[in-house]
Structures are given as structure tokens and as C-alpha cells.
Amino acid sequence: MSTDDKKSTFNDVEQYLEKDPENLMTLRNQQNIPKSYIDGLKHDRWDSRNARAGDYMRVASIPAAVYDQWLREGFDALKEPPKEILKRLRDQNLDAFITTNKRV
């Protein structure tokens with residue numbers, strides 16, 4: 001994933017065919033994530049300390065490229081409990097997409 005702000009949108013996943021050193025073709029998925037969006041998520045995470053949690057609480061904002069990868073790995077974030085989603089984000093060093101500091 002790129003955090004380059006020069007591209008106009010961040011929700012489109014681009015696909016590329018690449019040759020690796022052994023001349024094997026690999027399909028690469030890439031999604032542009034603007035730094036301003038990441039900064040907004042950081043702000044949301046900080047603000048979550050003072051926000052009152054109701055029946056529904058936003059815990060993460062998962063990019064489409066990450067969600068697609070997880071589906072290929074057999075992990076459907078739409079069916080998993082929030083605790084497992086947060087654990088997976090942390091395990092993969094994707095903490096920037098966590099939008100709450102509250103215990104889930």
C-alpha cells in the first residue's frame with residue numbers, strides 16, 4: 001500500500017502483473033492510502049477515548065486491499081468478532097487502521 005497523496009482516490013485497488021527473479025508472473029494488488037486519511041484515523045482513535053460507546057462502535061477502517069487479502073487467507077472481517085479483527089491488524093503491523101483506543 002502506498003501513502004502517496006498524489007493520486008486522486010484511495011478506494012480503488014490497482015492490479016499489476018509482475019515478473020519475479022525466477023520469471024514467474026505474480027499478480028500484485030495495490031491501493032493508494034493518502035496520508036491525510038491515515039492522519040484522520042489517528043485523530044479518530046485519539047477522540048475515541050472521550051466518545052461514549054453505544055450498541056455499535058467503529059473499531060477499524062480496513063482498506064479494500066487488506067480485506068481482499070484476508071479473504072484469500074480465509075479470514076472474513078465481516079464475520080469475525082471485533083477482538084479478532086483488532087488482533088489481526090496488530091499482528092500484521094496495521095495499527096494505523098485501528099480507530100479506537102477502547103477495550104473491545
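Student: Before we start, what should I know about the model and the numbering?

Tutor: It's a predicted model, where local features need pLDDT of at least 70, side-chain atom pairs count only at pLDDT 80 or more, and totals for chains, interfaces and linings use all residues. Residues are numbered from 1 along each chain as its sequence is written, and side-chain values use heavy atoms, with hydrogens and water left out.

Student: Okay, how many helices and strands does the chain have?

Tutor: Three helices and two strands. Reading from the N terminus, the order is β-β-α-α-α. Helices (H or I, at least four residues) and strands (E, at least two) are DSSP runs, numbered from the N terminus.

Student: In what sense do strand 1 and strand 2 pair?

Tutor: They pair in the antiparallel sense, over seven bridges. Two strands pair if DSSP finds at least two bridges between them. Take Glu 14: its bridge partner in strand 2 is Gln 30.

Student: And what's between the two strands of that hairpin?

Tutor: Five residues, and Asn 23 in this hairpin takes a positive phi near 65°. Asn 23 does that although it is not a glycine.

Student: Why mention glycine at all?

Tutor: Because most residues other than glycine have a negative phi.

Student: Is Asn 23 buried or exposed?

Tutor: Exposed, because its relative accessibility is 57%. The cut-offs are under 20% relative accessible area for buried, over 50% for exposed, and partly exposed in between (1.4 Å probe, protein chains only).

Student: Switching topics: how much of the chain is buried?

Tutor: Of the 104 residues, 27% count as buried. Gln 31, in strand 2, is buried, with a relative accessible area of 3%.

Student: What lies by the side chain of Gln 31?

Tutor: The backbone nitrogen of Ala 65 lies 2.9 Å from a polar atom of that side chain.

Student: Where's Asn 32, then?

Tutor: In the loop between strand 2 (25–31) and helix 1 (35–47). Asn 32 counts as buried because its relative accessibility is 5%. Asn 32 and Val 13 are 19 residues apart in sequence, while their C-alpha atoms are 7.6 Å apart in space.

Student: How many residues are in the largest nonpolar core?

Tutor: It has 15 residues, and those with the most contacts inside it are Trp 70, Ile 85, Leu 86, Leu 89 and Phe 97. The elements giving two or more residues to this core are helix 1, helix 2 (64–72) and helix 3 (82–91). Helix 3 gives the most, with three residues. A nonpolar core here is a set of buried Ala, Val, Leu, Ile, Met, Phe, Trp, Tyr and Cys residues joined through side-chain atoms within 4.5 Å.

Student: What does Leu 89 touch?

Tutor: Leaving out residues up to four places away in sequence, Leu 89 touches Ala 60, Trp 70, Leu 94, Asp 95, Phe 97 and Ile 98. A contact means heavy atoms within 4.5 Å.

Student: Now charges. How many salt bridges are there?

Tutor: A search of the whole structure finds five. A salt bridge is a side-chain nitrogen of Lys or Arg within 4 Å of a carboxyl oxygen of Asp or Glu.

Student: Which residue pairs up with Arg 28?

Tutor: Glu 18, with the closest N and O atoms 3.1 Å apart. The pair links distant parts of the chain, since Arg 28 is in strand 2 and Glu 18 is in strand 1 (residues 13–19), 10 residues apart. Arg 28 counts as partly exposed at 38% relative accessibility, and Glu 18 counts as partly exposed at 33%.

Student: Where does helix 1 come in?

Tutor: Asp 39 forms a salt bridge with Lys 35, again with the closest N and O atoms 3.1 Å apart. These two are separated by about one helical turn because they are four residues apart in helix 1.

Student: And which residue meets Arg 58?

Tutor: Asp 44, in a salt bridge of 3.1 Å, N to O. Arg 58 sits in the loop between helix 1 and helix 2 and Asp 44 in helix 1, 14 residues apart.

Methods. A polar contact is a pair of N or O atoms within 3.5 Å; within protein, one must be able to donate a hydrogen and the other to accept it, and residues adjacent in sequence count only if both atoms are side-chain atoms.
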